[in-house]
Amino acid sequence: MTGRTFVTVGAGQAAAVAARTLRRRGFDGRIVLVGEEPHTPYQRPPLSKEFLSGTEGLESLQILPEKWLADNDVQIRTGAEVTRVDPGSRRVELASGAPIEADAVLFATGGRARRLPVPGPRPDLVHYLRTVDDAIALQRRITPGSRLAIIGAGFIGLEIAATARGLGAEVTVLEAAPMPLANIIGPRLGAELVRIHQDRGVDVRTGVTVEQLHTTADGVVVGCGTDAPLEADAVLIGIGIVANTEVAAASGLQVQDGIVVDAQGRTSIPHIYAAGDVARRYSARAGRHVRFEHFDNANRQGAAVANAMLGRDAVNDDAPWFWSDQYDHNLQLLGEATADLVIRGNPDTNDFTAFYLDDGLLRGVFTSDRGEDVMVGRELLGRRIERAVLEDEDTDLWELVETEEAVS
């Protein structure tokens, strides 16, 4: 044993991947994951889909099985609150119990659901979805014929809408913007997502501002301006997350809508790092600090920062990628959406790829049931490709990898 101790503040995806990477890279010191939840690390993406629908259980979500933890001598402290990390000694101070002396600390505190004030006698009818306990509570409300109101038509809100419809609930989605996800995938593709949900019987209302929200003895009432109040049996609020930076700020780290780190995940204090949803990392590709709230980012940055903790070159600056499963469709987005959109395939049948160009350069790819196009898209990002070539279904995109030249 080296005698060194590495501690993660937070015990989610990024922390679990970091622990796994440390052991794979030969680190034989002490590893301690400290998390506030009562559960060991689990995957969050299935919470709005397979877990919520009941097709998968908690065991299937586990990232670090008990046998792996025992075989690799990794400790997890659940239900433990970190109050501060001493910036000089890197001592991890807890709300209760003895502090943990650490040689390096990884902040992987993630984020929490953004909340709205909801007065009334039944707070149990107001739901968010961030943790497995949130999903379990929401499961009880989604039954055949139940009325679920969803505030926010982001990917989480729309995934829950799809799952709830599959379980027989009546679903109404309220979105303040003129078109859901227009700032993520563009207004045209946002309209395609609305159509998919409307075809399944979801009442999607855009440009709606929720002005009043309160519970009654047996339901929830949502006031939307001059429209008649919407009555529901339960409400799900999905309006984004807030990065958990309080402990980092109390520890003297630089915080700005996330914990500010360099390209390797290093904070402003030596031997203290951050990764995952909470990290605002410098990206040479973007030319600025960025913070991504995606499963893939947590995976990649958890591994990269573990390498950095071991003194290895750890820069990972891949284009952001995430996916969403809604009904029987798999949606994926790679890179960034721009105004110049090129469609390959047929959106009417939900079988298509959209390419985002910026002055002729490929900057992003969105697919519906065409995952392979994302794979080839990784190789083509930053290359100048003619619109007609991308639109032509007879063009083998993989051949472009060999023939098109990267510009930036």
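Predicted model: local features only at pLDDT ≥ 70, side-chain atom pairs only at ≥ 80, totals over all residues.
Ile184 touches Phe155, Phe322, Leu333 and Ala337, leaving out residues up to four places away in sequence. Is Ile184 buried, exposed or partly exposed? Its relative accessibility is 30%, so Ile184 counts as partly exposed. Now look across to Gly311. In sequence, Ile184 and Gly311 are 127 residues apart. In space, their C-alpha atoms are 36 Å apart.

Next come the annotated regions. UniProt, in an unreviewed entry, lists residues 7–302 as "domain: FAD/NAD(P)-binding". The span is 26% helix and 25% strand. Its end C-alpha atoms lie 13 Å apart. A further unreviewed UniProt feature, "domain: Reductase C-terminal", is placed at residues 321–400. That span is 24% helix and 45% strand. Here the end C-alpha atoms lie 21 Å apart.

Turn now to the open spaces. Rolling a probe the size of a water molecule over the atoms shows where empty space is left. The second largest pocket holds about 190 Å³ of space. Which residues line the second largest pocket? They are Lys49, Glu50, Ser53, Thr55, Ala162, Thr163, Gly166, Asp325, Gln326 and Tyr327. By type, the lining has two nonpolar, five polar and three charged residues. Three elements each supply at least two lining residues: α2 (50–53), α6 (155–166) and β21 (321–326). Helix α6 gives the most, with three residues.

Lys49, one of the residues lining that pocket, leads on to the charged pairs. Side chains of opposite charge can pair when their charged atoms come close. The model has 27 salt bridges. In one of them, Lys49 pairs with Glu159, and the closest N and O atoms are 3.2 Å apart. What parts does this pair tie together? Glu159 lies in helix α6, while Lys49 is in the loop between β2 (30–34) and α2, so the bridge links parts that are 110 residues apart in sequence. Glu159 and Lys49 are both buried.

A second pair joins Arg281 and Asp317, again by a salt bridge, with the closest N and O atoms 3.2 Å apart. Arg281 belongs to strand β19 (residues 279–283) and Asp317 to the loop between α10 and β21, so this bridge ties together parts 36 residues apart in sequence. Arg281 has a relative accessibility of 4% and so counts as buried.

Arg300 is in helix α10 and Asp318 is in the loop between α10 and β21, so the tied parts are 18 residues apart in sequence. Arg300 is partly exposed, with a relative accessible area of 27%. Asp318 is also partly exposed, at 35%. Elsewhere, salt bridges that share partners join Asp257, Arg280, Arg291 and Glu293 into one network.

The largest cavity contains about 70 Å³ of space. Its lining is made up of Arg281, Phe292, Asp296, Asn297, Arg300, Gln301, Asn316, Asp318, Ala319, Pro320 and Trp321. Four of these residues come from α10, the largest share. The lining divides into four nonpolar, three polar and four charged residues.

Is Gln301 buried or exposed? At 5% relative accessibility, Gln301 counts as buried, because buried means under 20%. Setting aside neighbours within four places in sequence, Gln301 is in contact with Ala275, Gly276, Arg281 and Asn316.

Technical notes: Residues numbered from 1 in each chain as written. Heavy atoms only, no water. UniProt positions renumbered as here; feature names shortened; annotations may be inferred. Helix = DSSP H or I, 4+ residues; strand = E, 2+ residues; numbered from the N terminus. Buried < 20%, exposed > 50% of the residue type's maximum accessible area, 1.4 Å probe, protein only. Contact = heavy atoms within 4.5 Å. 1 Å grid on protein atoms, 1.4 Å probe; cavity = no way out; pocket = protein on both sides within 12 Å on 5 of 7 lines; lining within 4 Å. Points joined across faces, edges and corners; volume = space filled by probe spheres on them. Nonpolar A, V, L, I, M, F, W, Y, C, P; charged D, E, K, R; others polar. Salt bridge = Lys/Arg side-chain N within 4 Å of Asp/Glu carboxyl O.
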